[in-house]
Every structure is written in structure tokens, then in C-alpha cells.
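This report describes a protein chain for a reader who has not seen it before. Please look over the sequence and the model, then read on.

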Amino acid sequence: GKDCVKRKAAYHITNMAKHTRKVHITGKYGVRYGASLRKQIKKIEITQHAKYTCSFCGKDCVKRKATGVWNCSSCKKVIAGGAYMMNTAAAVTVRAQIRRLREIAE
């Protein structure tokens, strides 16, 4: 009766799925590939699974569809970007340079 219910509750508490403390998304790799590689992958996977702000509609709806292809679920625009993050550092500097040159020309 009651004793059986208590035993079942204790079993569920001790045998529940364990959460990861440090590794977060890279917990799926277990002990494989080494700590520093898993740390690099963690950074990459967090940026590639994040939602980004759409430059067309302003909503946080842009997600990665494939390598370098980003899709806004709100306005259905498809944006070309980086492989793991929507805006690469190189693209940001080029955009700033183009803006600066455009201001000089005017």
C-alpha cells in the first residue's frame, strides 16, 4: 500500500535524469573528444541554435535553416549569413566600411 508508493517515489528521485552542470548543450558528447574541443563546440552550438533579430520586421524570429542560411519565421525572409552565427565579424566590418564610404560620397 503506502510503503510501496514511498518506495516508488524514492526510486524516481534517485534515478531521474541528471542535468549537466558545466557542459550544458555538449553533454550529449559525454567524455568523448576532449574538454577544450567540447568547450569550442559549446560556443558554436549556442550561437547556431539561438534566435536572432530580423533586420526586416524587427522580431526575434530568425533561426538557422542550413549552413549560412537563416530564415525568419515571421516575415518569411531568407537571409544569407555566417555558418554558425547570423552576422560574422568580417561582414560587420565590411558593412561599416560601405556605410562610411557612402557618407563620404554624399
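How far is the sulfur of Cys72 from the closest cysteine sulfur, and in which residue is that sulfur? The distance is 3.5 Å and the partner sulfur belongs to Cys75, which is too far for a bond. A disulfide is defined as a pair of cysteine sulfur atoms within 2.5 Å.

The model is a predicted one, in which local features need pLDDT of at least 70 and side-chain atom pairs count only at pLDDT 80 or more, while totals for chains, interfaces and linings use all residues. Residues are numbered from 1 along each chain as its sequence is written, and side-chain values use heavy atoms, with hydrogens and water left out.

**Overall make-up**

The protein chain contains three helices and three strands. Starting at the N terminus, the order of these elements is α-α-β-β-β-α. Helices (H or I, at least four residues) and strands (E, at least two) are DSSP runs, numbered from the N terminus.

The protein chain has 106 residues, of which 14% count as buried. Buried means under 20% relative accessible area, exposed means over 50%, and partly exposed lies in between (1.4 Å probe, protein chains only).

Among contacts in the protein chain with a separation of 6 or more, 11% are between residues 24 or more positions apart. A contact means heavy atoms within 4.5 Å.

**The cysteines**

A search of the whole structure gives zero disulfides.

| Cysteine | Closest cysteine sulfur | Distance |
|---|---|---|
| Cys57 | Cys54 | 3.7 Å |
| Cys72 | Cys75 | 3.5 Å |

Cys57 is partly exposed, with a relative accessible area of 30%. Cys72, at 0% relative accessibility, counts as buried.

**The sheet**

The three strands form an open sheet in the order S1-S2-S3, with antiparallel pairing. S1 and strand S3 (78-80) are at the edges and have a single partner strand each, so one side of each has no neighbour in the sheet. From one strand to the next, the twist averages 35°; axes are lines fitted to C-alpha atoms, for helices over the stretch in contact, and angles run from 0 to 180 degrees between N-to-C directions.

Strand S1 (residues 62-66) and strand S2 (residues 69-72) run antiparallel and are joined by four bridges. Two strands pair if DSSP finds at least two bridges between them. S1 and S2 make a hairpin with two residues between them, and Gly68 in the turn has a positive phi of about 80°. Three bridges link S2 and S3, also in the antiparallel sense. Asn71 in S2 has Lys63 opposite, and Asn71 also stands opposite Val78 in S3.

**The salt bridge**

The count is one salt bridge, a term for a side-chain nitrogen of Lys or Arg within 4 Å of a carboxyl oxygen of Asp or Glu. The pair is Lys28 and Glu45, whose closest N and O atoms are 3.3 Å apart. Lys28 is in the loop between helix H1 (2-14) and helix H2 (35-49) and Glu45 is in helix H2, so the pair ties together parts 17 residues apart in sequence.

Glu45 is buried, with a relative accessible area of 9%. Apart from neighbours within four places in sequence, Glu45 is in contact with Ile25, Lys28 and Tyr29.
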